[in-house]
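Here are some quick notes to go with the model, written as numbered points. Keep the viewer open while you read.

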Amino acid sequence: MTRFPNPDSGFQTPTEQAAYWFALLLDGSETEEDRRAFASWIEKDPRNMTAFNEVERLWSGSSSLHLAANNKVGRRAFLGGTVVAGILATGWGVQRYHPTADFRTATGERRELTLPGGMRALLASGTTMSLVSGQGLAGVELHEGEVWFDHSKGNRDFFVAASGARSWSRGGSFDVARYDDQTTVTVEQGSVAVKLADQARLVSGGQAVTYHDGKMGAVHDVNIANALAWRDGRLVFVGDKLGDVARILERWQSGKIIVIGDHVASRKVTMSVDLDRTRDVLPTLAGALSLKIDQFTDYLTVIRAA
Amino acid sequence: MTHWDVNTLFRTYRRRLLQFVQRRKLSWHLADDIVQDTFLRVVATPSLPEQRFAQSYLYRTANNLVIDHFRRERILSFVSDPDMAFELIADDAPNPEQIAWSRQELRRLQTALDALPRHLRDVFILARVGGETYVDIGKKLGIPSQTAFSRMVKALTIVKEAMEQDEKNRSAIR
């Protein structure tokens, strides 16, 4: 197609130039030469960068607006709409926000506590949990995070509710991890009956089961030492995908880890991480996997192909 | 008056949207961010349609955000300096204050877009809603593709300047 007008001819301000570049790159019909010109334009002046990011942000902001044909009357009718309560406005969604939870740990924190009835519980990073009762028995509801329970046989029966299912213990030690409404029950000793609606699984020592979205998976064997290494302040990964590893590391440190590119995210990783030194992990990985890792303050780590 | 039951929508659609987004070959946590952002938009958007259109609204918004993500990643690949590249993707950063649009801000954006002259607005909407190229837009509107492109540049410039002016007026009032 015919070339679009050159930005130097007529587009004066950073805003106009940013609009030019954004419009051109949006279409996807730019040439190699355009790409180089864009790169040098944006690197030339911080004001260019700012202007470009702002235009980009406007475009992205418009993605959720009602932009049907020009009928201003109809649209005005919506403008008076009531403010929807800010349930989601500050947090990252209802499921991760439990203002009334009885127990909670901060990011990076592990805490041991004794529940009513004398049971021991060890809470992993970023966990929220409440005391509940059901069918005349005491239990806890795990809202988010991971907890290891030590339920000695002398204690009364006990259950852990998470993601719509209950895990019943008659004595033993087990771990329940709930993230993004996917829950995994891992049993160290004794056995746990996991009941989800009309489905039930009996999980014995050395086994685990995962359920998700109302569906129960199969009971399978796990390496307990690796799966529960977090109790001793370690995370152990054996042939896990980098994307999954990043997601798990995120639970233990503040800030976000972004893995750019599916081929990078699917790289296999085997390593043992000291939970007190999670920040040292990624630079080490970078060397081992020939990846490029940029850490920007404590809040953002970007991993991509070198 | 529009009042969506965001809690119910979240429970009903969150997982479906996540699957929908993940099918676009996005990593889990990016997909999760996009779905979260979709619901944040529901809270912040001043011009929601009636709730019976909620499903298509949610899918359309999530789809737009996915497209926006891929565009950002594509543009990022043109920039060689890694520090620059980071600045460019800063919008992907986790800080919700940075990403999230406030309701007031979206309302101002809506007003600025509504105020665009018809011929600029038409081009903007075809590109935004239909994701059409300037060649397609030109054909549809009966104008050369270069004109469609120039109108797009003009529309973006006007909207951005209007938002800046608005920002200045607001701080002057304060």
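**Notes on the two chains**

1. Let's start with a helix pair in chain B. Helix H2 (residues 28-44) of chain B and helix H3 (residues 54-76) of chain B have axes that come within 9 Å and cross at roughly 130°. H2(B) is therefore oblique to H3(B), and the crossing is right-handed. Bear in mind throughout that this is a predicted model.

2. Which residues make that contact? From H2(B) you have Leu30(B), Ile34(B), Val35(B), Asp37(B), Thr38(B) and Arg41(B). On the H3(B) side the contact is made by Leu58(B), Thr61(B), Ala62(B), Leu65(B), Val66(B) and His69(B). By type, the residues where H2(B) meets H3(B) divide into seven nonpolar, three polar and two charged.

3. Now chain B overall. It has nine helices and zero strands, so if you colour by secondary structure, expect the pattern α-α-α-α-α-α-α-α-α along the sequence. Chain B has 174 residues, of which 43% count as buried. Taking the contacts in chain B with a separation of 6 or more, 60% are between residues 24 or more positions apart.

4. How many helices and strands does chain A have? The count is eight helices and 17 strands. Chain A has 306 residues, and 33% of them count as buried. Of the contacts in chain A with a separation of 6 or more, residues 24 or more positions apart account for 40%.

5. Helix H8 (residues 281-289) of chain A is worth a look down its axis. Val281(A), Leu282(A) and Leu285(A) are buried in this helix. Why do they line one face? Viewed along the axis of H8(A), the buried residues fall within an arc of 85°, so they sit on one face of the helix. Turned away from that buried side is a face of H8(A) with the exposed residues Pro283(A), Thr284(A) and Gly287(A). If you're checking backbone torsions, note Ser290(A): just after H8(A), this residue takes a positive phi of about 55°.

6. Next, a loop residue. Ser125(A) lies between strand S3 (120-123) and strand S4 (128-134) of chain A. Is Ser125(A) buried or exposed? Ser125(A) is buried, because 21 other C-beta atoms lie within 10 Å and the cut-off for buried is 20 or more.

7. What does Ser125(A) touch? Leaving out residues up to four places away in sequence, Ser125(A) touches Thr105(A), Thr107(A), Gly108(A), Glu109(A), Arg110(A), Arg251(A) and Trp252(A). For one of these, Arg110(A), there is also a distance: its C-alpha atom and that of Ser125(A) are separated by 5.7 Å, with the two residues 15 apart along the chain.

8. Last, a strand residue. Val238(A) is in strand S13 (residues 234-241) of chain A. Val238(A) counts as exposed because it has 11 C-beta neighbours inside 10 Å, and the cut-off for exposed is 12 or fewer. Setting aside neighbours within four places in sequence, Val238(A) is in contact with Asn226(A) and Thr270(A).

Key: Residues are numbered from 1 along each chain as its sequence is written. Chains are lettered from A and ligands numbered from 1 in the order in which they are written. This is a predicted model: local features need pLDDT of at least 70, side-chain atom pairs count only at pLDDT 80 or more; totals for chains, interfaces and linings use all residues. Helices (H or I, at least four residues) and strands (E, at least two) are DSSP runs, numbered from the N terminus. Two residues are in contact if their C-beta atoms, placed from the backbone, lie within 7 Å. The arc is that of the directions from the helix axis to the C-beta atoms. Axes are lines fitted to C-alpha atoms, for helices over the stretch in contact, and angles run from 0 to 180 degrees between N-to-C directions. Angles under 35 degrees count as roughly parallel, over 145 as roughly antiparallel, 65 to 115 as roughly perpendicular and the rest as oblique. A crossing is left-handed if the near helix is turned anticlockwise from the far one by less than a right angle, and right-handed if clockwise. Ala, Val, Leu, Ile, Met, Phe, Trp, Tyr, Cys and Pro count as nonpolar, Asp, Glu, Lys and Arg as charged, and the others, Gly among them, as polar.
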